[in-house]
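This report considers the salt bridges of one protein structure. The sequence and the structure are shown first.

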Amino acid sequence: AARLAFDLADEAGMPAVLLLALGGHQGGHDGLSLLEIGLADLVGGDDADRPGRAIVAAAGNSGGCQDHAVGDVGSGEAMEIVLEVAREDGSLAVDVEVWYPPEVSLEVGLRTPSAQRVVPVPPGEQRWEAGASARVGVANAPAGPDPLSGDRQAVISLRSQIQGAVEPGLYRITLEGEGPFDAYLSWTSSEQLGGAASFRSPIEPDGTLTVPGTSEALIVVGATVSRSAWVDEGGRPFQDDRFRPGAVASYSGSGPTRSGARKPDLVAPGHAVLAALGRDAEPPSPTSVFTPRSSFLPQRYRVVSPGDRAALWGTSVAAPHVAGAAALLLERDPSLDQRALRATLVASARTDRGARGRGWSPRWGYGELDVQAALSLLAGGFGDEASPETSAFGVAEDVVAPGGCTVVTVVPRDGSG
C-alpha cells in the first residue's frame, strides 16, 4: 500500500507524505524488521535520496504501560522477568519476546501462577507444555539468529486450552546464562487497552516505542497534552488532573530504540485534540473512534459541547500534525527528501516549554513541532551566533545503570531560540 501511494504520486508528478498511525511490539525494536526495512527503502534509507517523499510514524502509546524489561544475566546466575496478567483482562493469548545478542547464550524457562513449568530451553530449541486450562511454551530462536539483525529472539507464549481467558496472576520467565537482554510484551488478544498484562520486574521506563516507530529512517512523533478541561455534551465542566497541558502525555512512547537510535524525533499535540464529529461516528457506537475502550479514559472523553466535536488522544493524533507540516514544506520545495525534511523539523522544534534546555531526550525528542519556524528555516531564516543561554543539551536515557553510558546531544541555538 505504501509503495502504491508513492507510485501514484510519482505518476502525477507530485510529492507525497505517508502517515503511519499504527504500531506494535512485535519485532526487535532496532529498525531491522522487514516492514521497517521496506519503508526505509521507499524514502531512500541511508544510501539514496528519494526527493518528494516522506513517511511519518507514531511513537506508540506504550509509555508507562510496563511492557519493556531490560536486564543483564550474570555469569552462573539466573534472572526472572515477572509478568502479571490482570484478573479482569480476558486475554485468550499473550506473547512475550526476549531479544539478546548472537554471542550470548540464554536458556529461557517459564513458571505459571498454578506452578505449571516449562524447564529452561536452550538456544535453537522449543518446548510446549499443556495443562488442564492452559498451553504454554518457549521457542528460543529455534531457527537460529534473526536473518536481518543477527540477534536471537525467544518467544514465550501463553494460550488458553478451553473457552476462557489465560490464567490470571504472576508468570515468572527465567533466564539462565550470561549476557544482556530486552523483553517486550509483544501481543495480547485482550480488547482492553492498558493494563491487560504488564511486567512487574525488571521494568525499563524508556525504550517503549512501537514498531515501525523504531526505524531510524522514519520521522517519529510523540504526543503532548493539548488540554485537560472542557465542557462535555451535557453542559458539565470536565477536568482530568492526570494530564498537564503542554507536557508530554504519560502514554507517549519513549526512546531510544534497542539499537540506540534517538527516536522520537519530535512531539506534537496529541492528547484531547478536538475533532469534528460525524453523524455516523457518535459514541457509543463500537466502530466509533470516539468510543472509549479502556477505563484509562472515562466515558466523558466523548462529545464536547455544543455536540459537533469530540476529543481524540494518542500519538496517532499527534503524527498527522507533523505529516501536515512535512506536506507544507514539500509544497514550498518538492525537491526535499526524507532526511532534509527531518532535519528541518528537528532544527526548528521548540524547546521553550517542557523541553527547555534539552537537546534530544527520550520523551520529547528534539522538541515540539513549530510549523512557522520550519517554514522560516526553509526560506533561509538562519539564526545568529549560538548562545549558551538558549542552546540545548540532552541525554539518551532517563535512567542509566551504574557503570553504564549514554549519549549526550547538543543543539546550538541563537539568542531568539
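## Asp 95 and Arg 159

In this predicted model, Asp 95 counts as buried, with a relative accessibility of 10%. Its side chain meets that of Arg 159 in a salt bridge, at an N to O distance of 2.9 Å. Asp 95 belongs to strand S4 (residues 93-100) and Arg 159 to strand S9 (residues 152-160), so the pair ties together parts that are 64 residues apart in sequence. Arg 159 is partly exposed, its relative accessible area being 26%.

## Glu 80 and Arg 172

A salt bridge also joins Glu 80 to Arg 172, with 3.3 Å between the closest N and O atoms. Because Glu 80 lies in strand S3 (residues 68-85) and Arg 172 in strand S10 (residues 169-188), this pair ties together parts that are 92 residues apart in sequence.

Glu 80 is partly exposed at 31% relative accessibility. Arg 172 is likewise partly exposed, at 25%.

## Asp 240 and Arg 242

The side chains of Asp 240 and Arg 242 form a salt bridge with an N to O distance of 3.0 Å. Asp 240 is buried, with a relative accessible area of 5%, whereas Arg 242 is partly exposed at 46% relative accessibility.

## The structure as a whole

Side chains of opposite charge can pair when their charged atoms come close. A search of the whole structure finds 10 salt bridges. A network of salt bridges links Asp 30, Asp 151 and Arg 258.

Terms used:
Residues are numbered from 1 along each chain as its sequence is written. This is a predicted model: local features need pLDDT of at least 70, side-chain atom pairs count only at pLDDT 80 or more; totals for chains, interfaces and linings use all residues. Side-chain values use heavy atoms; hydrogens and water are left out. A salt bridge is a side-chain nitrogen of Lys or Arg within 4 Å of a carboxyl oxygen of Asp or Glu. Helices (H or I, at least four residues) and strands (E, at least two) are DSSP runs, numbered from the N terminus. Buried means under 20% relative accessible area, exposed over 50%, partly exposed in between (1.4 Å probe, protein chains only).
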